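Me: Could you take a close look at one part of this structure with me? I would like to understand the surroundings of the ligand.
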Amino acid sequence: MEHLSYSRIKTFSQCPKLYEYRYIANRVPAPSQLMLEGADEHLKIASTEQVPEFFKPAFERNFPLPVFEETIEADFLTFGLKGVIDVYSVQNISASIADWKLLNIPEDDTQLKIYALLLSQKYPQVVFFQCYYVSLKGNFFKRYTYTIEDIQEFEASLSEIADTIQTAKDFPPRPGQHCAWCAFIKECYQENQIPLEITQITTLEQAIELARKVYIAENFLDQIKAQLKTFLLEHGLDELVFDENNRMYLSPSIALRFGKINGRKKK
Ligand code: SF4
């Protein structure tokens with residue numbers, strides 16, 4: 001049975017097309033600078049002494065027997081699950097879990113619930129969980145508490161999500177703000193070109209389909225514009241002008257290139 005993970009579940013719910021590129025076609029994107037930095041920061045915390053100062057009081061109180069960076073797998077009736085827990089501690093009927101984040105913490109606590117569910121399988125006596133997202137660069141943390149009943153309820157909802165993922169046949173694109181960081185936007189844009197001949201839009205389905213393609217195209221162009229901007233700035237053209245939409249004026253005219261357009265913002 002193929003094990004689900006938080007990354008898989010999050011990717012599928014964000015965009016099934018992205019899931020297809022990443023986990024069905026097994027395409028592995030090059031890690032971004034932010035991902036490399038995050039991995040480095042994680043590696044630095046392998047003992048209590050290395051826990052960040054702002055989190056130490058809470059850590060020393062709630063993690064008496066810390067286990068750092070452990071992979072846990074568990075099989076449920078219809079799905080398998082695995083996760084790498086940054087640090088946890090189990091004492092009698094209580095467990096504490098912490099997940100290091102570089103800066104921002106997620107808007108929801110699905111990842112922590114997955115880890116609590118995995119620990120509940122490894123340590124069946126545990127009935128109370130306290131979990132933390134810890135922002136290493138933000139110097140703050142957020143705490144969540146769950147009972148075993150909360151985690152059992154979560155298991156039931158996860159089982160439905162697992163079923164949807166495991167039986168999926170179609171992986172439609174679901175564009176959104178996340179397209180801005182999508183490593184597969186070029187391929188997605190190629191597969192979802194806006195038709196050159198746009199006939200009249202007559203149905204809602206047509207409108208949705210077209211809106212999706214426009215969203216993907218806009219994000220693709222934004223990525224290209226950002227690359228162009230970086231290149232030009234790095235090559236000494238720091239007087240180029242940009243407008244609010246990061247649009248550049250690549251005119252051969254010296255006047256335009258040197259930012260002499262009235263009312264335009266210079267960067
Ligand atoms: S570009 Fe957007 S819609 Fe396309 S795969 Fe990536 S996230 Fe999904």
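To get my bearings, how many helices and strands does the secondary structure of the chain come to?

Reply: The chain has 9 helices and 8 strands. Please keep in mind that this is a predicted model. Its average pLDDT is 86, and 87% of the residues score at least 70.

Now to the ligand. The shell around it holds 13 residues, and those that come nearest are C15, P173, C179, C182 and C188. Sorted by class, the shell contains 10 nonpolar residues, 1 polar residue and 2 charged ones. Two helices, α2 (16–24) and α7 (185–191), each provide at least two residues of this shell. The ligand lies between domain 1 (3–167) and domain 2 (177–266), because both domains give residues to its shell.

Let's zoom in on C188, one of the nearest residues. C188 is part of helix α7. A residue needs 20 or more C-beta neighbours within 10 Å to be called buried; C188 has 22 inside that distance, so C188 counts as buried. Leaving aside residues up to four places away in sequence, C188 touches K17, P173, C182 and I216. Of these, P173 sits 15 residues from C188 along the chain, with 7.9 Å between their C-alpha atoms.

Where pLDDT is low, the predicted coordinates should not be read in detail.

Note on methods
Residues numbered from 1 in each chain as written. Predicted model: local features only at pLDDT ≥ 70, side-chain atom pairs only at ≥ 80, totals over all residues. pLDDT = per-residue confidence, 0-100. Near = placed C-beta within 6 Å. Helix = DSSP H or I, 4+ residues; strand = E, 2+ residues; numbered from the N terminus. Nonpolar A, V, L, I, M, F, W, Y, C, P; charged D, E, K, R; others polar. Domains from an automatic or database assignment. Buried ≥ 20, exposed ≤ 12 C-beta atoms within 10 Å, placed from the backbone. Contact = placed C-beta atoms within 7 Å.
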